[in-house]
Amino acid sequence: MQTQQSNWKSQLSGMITTPGQLARYISVTEEQAAEMLQVAGRYKMGLSPYYAELLSKGDPTGGLRKQALPSAGELAYSPLLSDDPLEEGGSSPLKRLVHKYPDRVILIASDLCFMYCRHCTRKNTVLHGNSFITQGELEAITAYIRQTPQITDVLITGGDPLVMDDGRLEAVLAAIRSIPHVSTIRVGTRAVTAAPMRITPALADMLERYHPVWLNFQCNHPDEITPEMEQACGLLLSRGVPLGCQTVLLQGINNDLETMRSLLLKLIRIRVRPYYLYQCDLVRGTEPFMTSYREGMELIRGLWGRIPGYAVPRFVIDAPGRSGKIVVEPNNIVEEGADRIILRDYEGRHTAVPLPPDKQAGQPEGGENS
């Protein structure tokens, strides 16, 4: 099937949100359709026509389909999973603002995305909405940051801030850049892999006006790296926007050495620095994607010596509350229990992180979820 459209706004208006729409791209059985509809009744279903076309071209490992399409496993219940395991709500002094670390904040500019990843950390919180940041909310956030001089870094994320048009996004960038003590602005997006046509010359020019602006995007599988995605990265790089990739370790998608190695080598070939490899958060609705933290450690160990050192990301667990991201390595593991590990965070505090029942220490790795 030919690309439905190249205009990025048409990618939004043409989002695939039902099995019937998806059937224009790939075969969908009645059983699969019923399963998707059941899950979509609780968690948003949505993927861009561009990403649906990637599925239509073939997905032999399922590495794309599993990320994009609802499955019954999302409705599995575990008492260890919660709507907001990172406790972002408890670190939110204002609507659309998360202040977890002393020197940086998260600004949630949008509740919408070009694709609703089935493993999304905010699938129970932010993604329940369908709106953008208002002028009043932006003014309140800007005032808060102005009154908090230790904040030097602002991450604009969502949802996906790039679903906003250039004017609306520029208003956010201009407001933040007007604060003297904010040195760095970061933009977090899925558009580079889910709707690369969103990266236009006009957008790249606008980002350049507010430097230093960094852009981090999510890419979890080598098949997401296409000529269109490479072109988008090249356009951003030509305007001096540094690019980083944040990958989530996902059961049955990228939790094997060859897939991860291929992904990381493809990223550095197009001048994207692998940044983090995340342990999948303990979010309700993500149980099918859970892996053992030991798998992540073994993958990183396996990558050393097999790819250049600058291509090896840091494997992290995003812990609840103010502990934040903790690099998972022997020096930071204080204690390993049957149902949890205790990690040392950036301030030396000990933080207990629960383990899903079938991913506890000492269990075989890589097995199927129960």
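Serine 292 sits at the N-terminal end of helix α12 and caps it, with a side-chain oxygen 2.9 Å from the backbone nitrogen of arginine 294. Helices here are DSSP runs of H or I with at least four residues, strands are runs of E with at least two, and both are numbered from the N terminus. The model is predicted, so local features need pLDDT of at least 70 and side-chain atom pairs count only at pLDDT 80 or more, while totals for chains, interfaces and linings use all residues. Residues are numbered from 1 along each chain as its sequence is written, and side-chain values use heavy atoms, with hydrogens and water left out.

Just after the helix, glycine 305 takes a positive phi of about 90°.

What about the nonpolar core, a set of buried Ala, Val, Leu, Ile, Met, Phe, Trp, Tyr and Cys residues joined through side-chain atoms within 4.5 Å? The largest has 104 residues, and Leu107 and Phe217 touch the most other members. Apart from it lies another core of 11 residues, Cys280 and Leu282 among them.

As for disulfides (pairs of cysteine sulfur atoms within 2.5 Å), the structure holds 0. For cysteine 233, the nearest cysteine sulfur belongs to cysteine 219, 8.5 Å away. Cysteine 233 is buried, at 0% relative accessible area.

Technical notes. Polar contact = N/O pair within 3.5 Å; in protein donor to acceptor, adjacent residues only side chain to side chain. Buried < 20%, exposed > 50% of the residue type's maximum accessible area, 1.4 Å probe, protein only.
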